Amino acid sequence: MKEKLNHLGIDVGKRKCRAALKDDKGKILDEFFFGNDAIGIDNLLSRVKTNGTHYTTTQAVLESTGNMWMRIHDTLEENGIDTVLANPYKTKIIAEAKIKSDKLDARILSDLLRTDLIYESYVPKQEDRDKRSLVRHRITLSRTKTKLVNKVHSILDKYDYKTELTDIFGVAGIRWLKSLLPMVSPIDGIILTTSIESIQTINHQIDVVSKEISKYACRNDKDVKILMSITGIDTFAAMLISAEIVDVRRFSTPWKLVSYAGLAPSTRESAGKTITGRITKQGSPWLRWILVQCALVAIKYDSRLSMFYNRIKNRKGHGKAIVATAKELLVIIWYMLTRNELYKHMNKQRYQQKLRKLEHTYTAK
């Protein structure tokens with residue numbers, strides 16, 4: 001008997017999901033809601049199996065929506081159901097063109113899968129997802145700390161308190177900040193005290209996460225060591241770039257990687273002419289953000305990138321120049337990782353210092 005193929009579309013929600021199961025001719029076999037939890041996913045599997053036979057294979061598709069898809073995707077894969085993760089933005093464009101709908105509900109996802117019109121998102125292995133979670137968590141901690149630091153500075157500005165200390169959140173700086181408590185209002189004193197305590201706690205948390213990042217990089221990731229040879233890229237930046245790219249071989253050209261980072265210019269056609277505009281920002285925001293941060297450092301210490309930046313800055317200003325430098329940096333990264341080569345213009349002494357620091361962190365108890 002010829003094997004039949006069913007197509008399962010899943011509209012993923014945080015707590016409740018909707019599934020639509022269709023046969024290879026588009027007939028609805030089953031449609032139902034299920035919870036995005038262990039019990040709900042078991043119910044999903046049971047109903048899929050109920051509508052199949054020994055000669056039926058099921059394919060599934062679900063949207064890449066935050067982290068809500070992961071448990072469903074992994075469970076379906078573990079149970080032998082080939083599961084596709086749909087890129088929501090590009091799949092929506094296809095749906096609008098082919099089905100005249102920009103709403104990606106379960107039925108439409110099932111139809112797009114059945115007609116091979118799903119634009120897939122890459123699904124990293126669990127180990128790579130864990131690495132991403134680690135470095136992204138460090139960013140979250142750093143951004144929380146920045147908000148608290150700004151709060152402290154606003155109080156200092158309010159009372160016009162100044163110091164010659166270079167780090168007001170170091171040991172001496174904290175001591176100085178606490179000495180100001182009797183001289184501010186009770187409310188500002190509470191805000192200052194709690195902000196200082198929170199910053200100290202977050203500093204400890206960042207240190208714990210950073211050590212784990214360094215240990216992970218030293219044990220498992222040769223790409224991180226290659227990336228660290230670039231001026232302006234430290235262990236954390238290298239780890240984040242590596243975690244977002246995962247495998248450079250999935251990008252056949254550097255421009256596809258640039259597009260993945262959302263650093264490619266947008267284009268539109270008018271009167272038969274192609275007009276380029278601002279960058280699309282459609283891609284990994286984490287990769288785009290860290291590349292800009294690295295570019296800001298690189299233009300200070302790398303003569304080649306500095307010349308590149310200044311040439312564009314003189315014509316278009318700082319903002320466009322630093323984005324262009326971030327894009328140039330990513331093109332360099334693609335060639336380095338593809339060829340498994342270190343940065344040609346690296347500062348060898350500085351690179352060895354980075355490696356020694358990485359090794360020290362890994363061996364430190």
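Contact here means heavy atoms within 4.5 Å. With that in hand, welcome to a set of close-up views of a predicted model.

**View 1. Asn340 and its partners across the chain.**
Asn340 sits in the loop between helix 13 and helix 14 (348–363). Leaving aside neighbours within four places in sequence, Asn340 is in contact with Lys222 and Ile226. Asn340 and Ile226 are 114 residues apart in sequence, yet their C-alpha atoms are 7.5 Å apart in space. Look at the backbone here too: Asn340 has a positive phi of about 60°, although it is not a glycine. Is Asn340 buried, partly exposed or exposed? Its relative accessibility is 46%, so Asn340 counts as partly exposed.

**View 2. The whole chain, for orientation.**
The secondary structure of the protein chain comes to 14 helices and 7 strands. Taken along the principal axes, the C-alpha atoms fill a box of roughly 80 × 55 × 50 Å. The chain has 365 residues, and 43% of them count as buried. Among contacts in the chain with a separation of 6 or more, 59% are accounted for by residues 24 or more positions apart.

**View 3. Helix 9 against helix 11.**
Here you can follow helix 9 (residues 235–245) as it packs with helix 11 (residues 285–301). The angle between them is about 150°, and their axes are 9 Å apart. Angles over 145 degrees count as roughly antiparallel, and helix 9 and helix 11 are therefore roughly antiparallel to each other. Their crossing is left-handed. Which residues make the contact? From helix 9 come Phe236, Ala237, Leu240, Ile241, Glu244 and Ile245. Helix 11 brings Trp286, Leu287, Trp289, Ile290, Leu291 and Cys294. By class, this contact has 11 nonpolar residues, no polar ones and 1 charged one.

**View 4. The largest nonpolar core, around Ile333.**
Some residues from the previous view return here. The largest nonpolar core has 74 residues. Those with the most contacts inside this core are Leu177, Ile233, Ile241, Ile245, Leu291 and Ile333. Helix 13 (residues 318–339) gives the core its largest share, 12 residues. Zoom in on Ile333 and set aside its neighbours within four places in sequence: Ile333 is in contact with Leu227, Ile230, Ile233, Ile241, Ile245 and Leu291. Another core lies apart from the largest one. That other core has 19 residues, including Val12, Ala60, Trp69 and Ile81.

Val246 is found in the loop between helix 9 and helix 10 (254–260). Its phi is near 65°, a positive value in a residue other than glycine. What is the relative accessibility of Val246? The value is 15%, so Val246 counts as buried.

**View 5. Asp223 in helix 8.**
Asp223 is found in helix 8 (residues 222–227). Not counting residues up to four places away in sequence, Asp223 touches Ser242 and Leu337. Is Asp223 buried or exposed? With a relative accessibility of 16%, Asp223 counts as buried, because buried means under 20%.

**View 6. Helix 1 against helix 2.**
Now for a second pair of packed helices. Helix 1 (residues 38–50) and helix 2 (residues 70–78) pack at an angle of about 40°, with their axes 11 Å apart. That angle makes helix 1 oblique to helix 2. Helix 1 passes helix 2 in a right-handed crossing. On the helix 1 side you will find Ala38, Ile41, Leu44 and Leu45. They meet Arg71, Ile72, Thr75 and Leu76 in helix 2. How do the residues of this contact divide by class? There are 6 nonpolar, 1 polar and 1 charged.

**View 7. Thr56 in strand 4.**
The last stop is in a strand. Thr56 has its place in strand 4 (residues 56–63). Apart from neighbours within four places in sequence, Thr56 is in contact with Lys4 and Asn6. At 18% relative accessibility, Thr56 counts as buried.

Note on methods: Residues are numbered from 1 along each chain as its sequence is written. This is a predicted model: local features need pLDDT of at least 70, side-chain atom pairs count only at pLDDT 80 or more; totals for chains, interfaces and linings use all residues. Side-chain values use heavy atoms; hydrogens and water are left out. Axes are lines fitted to C-alpha atoms, for helices over the stretch in contact, and angles run from 0 to 180 degrees between N-to-C directions. Helices (H or I, at least four residues) and strands (E, at least two) are DSSP runs, numbered from the N terminus. Angles under 35 degrees count as roughly parallel, over 145 as roughly antiparallel, 65 to 115 as roughly perpendicular and the rest as oblique. A crossing is left-handed if the near helix is turned anticlockwise from the far one by less than a right angle, and right-handed if clockwise. Ala, Val, Leu, Ile, Met, Phe, Trp, Tyr, Cys and Pro count as nonpolar, Asp, Glu, Lys and Arg as charged, and the others, Gly among them, as polar. A nonpolar core is a set of buried Ala, Val, Leu, Ile, Met, Phe, Trp, Tyr and Cys residues joined through side-chain atoms within 4.5 Å. Buried means under 20% relative accessible area, exposed over 50%, partly exposed in between (1.4 Å probe, protein chains only).
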